[in-house]
Amino acid sequence: MYQTHHIKGKDGSRLPFVFNDIMGLEREGSKGIRVDDIISALKGLIEEGYNFNPLHPASGKDSKHKPRVSDHTFCLVNVLDANKVSFANQELIEKMIRIREAASDYNLPQVIVMTKVDEICPLVKEDIRKVYTSKKIKEKMQGCSNVLGIPMSHIFPVKNYHEETDTIDDMDVLILKALDQIVNLANDQLENQTSCEKWE
C-alpha cells in the first residue's frame, strides 16, 4: 500500500517531513512493484492508500492528475540488504537503472541505505564503529556506486536493530547520519524547485 508516514516530535507535533514506503523490487518481472508505478510515485501521481499490483499498473482512478508540491518526492531512498547486494541479475539491474534515470530526469537526489552491514564483516559485527574502515563494506558500497551511478557519499551503511532490547548509541549514530543527510538533500531539492517555480 502507498502510505505516507508522519514522524512526531517529543511535543506530539509532526516533524516537517514524511516518508512514503513502497513494496520492493523483485528479480522476476511478474513479482514486486512495477517500475512505472515507482516512477509515478516519484512524480506524486499515486493516490494515498493505493495497493500496488505486480501484474497491473496504476490506472487513472488510482492516480492524481494535478499533484500538489506536498505530493512530490524530494529524495529517492533505496534500501538494500548488504547480504543480498549482488548485480548478477541483469533484469533487476535494468529495473533499478530505469528508476535511477527517471529520478535523475527530475533532478532528484538519490541515496542508498545499506542495511545489515554487520553480517558481512566480522570486524564490524564485533565493533560497529569500524564500519567505515571495513574493506568488505567499502567493496559493497563501491559496487553499488559503480552499477547504479550513486556517489559513495550518498551510500550509508547501517546496522539493523534485531535482538536488541535497548538503543545503542553507535548504531543510532549511523542511522541518524543517514536520516540527517536524506532530510538535508530533500530540503535542498524542495528549495531549488520552489525557487525555479518563482522564476517561471
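Here is a quick tour of the cores, a helix, the ring pairs and a surface patch in this structure.

This is a predicted model, where local features need pLDDT of at least 70, side-chain atom pairs count only at pLDDT 80 or more, and totals for chains, interfaces and linings use all residues. Residues are numbered from 1 along each chain as its sequence is written, and side-chain values use heavy atoms, with hydrogens and water left out. Helices (H or I, at least four residues) and strands (E, at least two) are DSSP runs, numbered from the N terminus.

**The cores**

- A nonpolar core here is a set of buried Ala, Val, Leu, Ile, Met, Phe, Trp, Tyr and Cys residues joined through side-chain atoms within 4.5 Å.
- Buried means under 20% relative accessible area, exposed means over 50%, and partly exposed is in between (1.4 Å probe, protein chains only).
- The largest nonpolar core has 30 residues, and I112, M114, I137, C144 and I155 have the most contacts inside it.
- At least two residues of this core come from each of α2 (90-105), β4 (110-115), α4 (135-148), β5 (155-157) and α5 (169-199).
- The largest share, 5 residues, is supplied by α5.
- Another core lies apart from that one; it has 15 residues, including V35, A41, L42 and A103.

- Contact means heavy atoms within 4.5 Å.
- Not counting residues up to four places away in sequence, I155 touches I112, M114, M141, C144, S145 and I150.
- M141 sits in helix α4 and counts as buried, at 6% relative accessibility.
- If you leave aside neighbours within four places in sequence, M141 is in contact with M114, Y132, M152, I155 and P157.
- For a sense of scale, M141 and Q3 are 138 residues apart in sequence and 29 Å apart in space, C-alpha to C-alpha.

**Helix α1**

- Helix α1 is largely enclosed by the rest of the structure, because 6 of its 8 residues are buried.
- The buried ones in α1 are V35, D37, I38, I39, A41 and L42.
- Their cover includes β3 and α2.
- After α1 comes G44, with a positive phi near 80°.

**Aromatic rings**

- Rings of Phe, Tyr and Trp (its six-membered ring) pair if their centres lie within 6.5 Å; planes under 30 degrees apart count as stacked, over 60 as edge-to-face and the rest as tilted.
- The structure holds 3 aromatic pairs.
- One of them is Y2 with F52: the ring centres are 6.1 Å apart and the planes are at 90°, so this pair is edge-to-face.
- Y2 lies in the segment before β1 (3-8), while F52 is in the loop between α1 (35-42) and β3 (76-81), so the pair ties together parts that are 50 residues apart in sequence.
- Y50 and F52 also pair edge-to-face, with centres 5.2 Å apart and planes at 80°.

**On the surface**

- I7, L15 and F19 form a nonpolar surface patch, with about 200 Å² of accessible area together.
- Accessible areas come from the Shrake-Rupley method with a 1.4 Å probe, and for residues only the protein chains shown count as cover.
- F19 is found in strand β2 (residues 14-21) and is partly exposed, with a relative accessible area of 31%.

How values were computed:
Patch = residues over 30% accessible without salt bridge, like charges linked within 9 Å, V, L, I, M, F, W, Y side chains within 5 Å. Salt bridge = Lys/Arg side-chain N within 4 Å of Asp/Glu carboxyl O.
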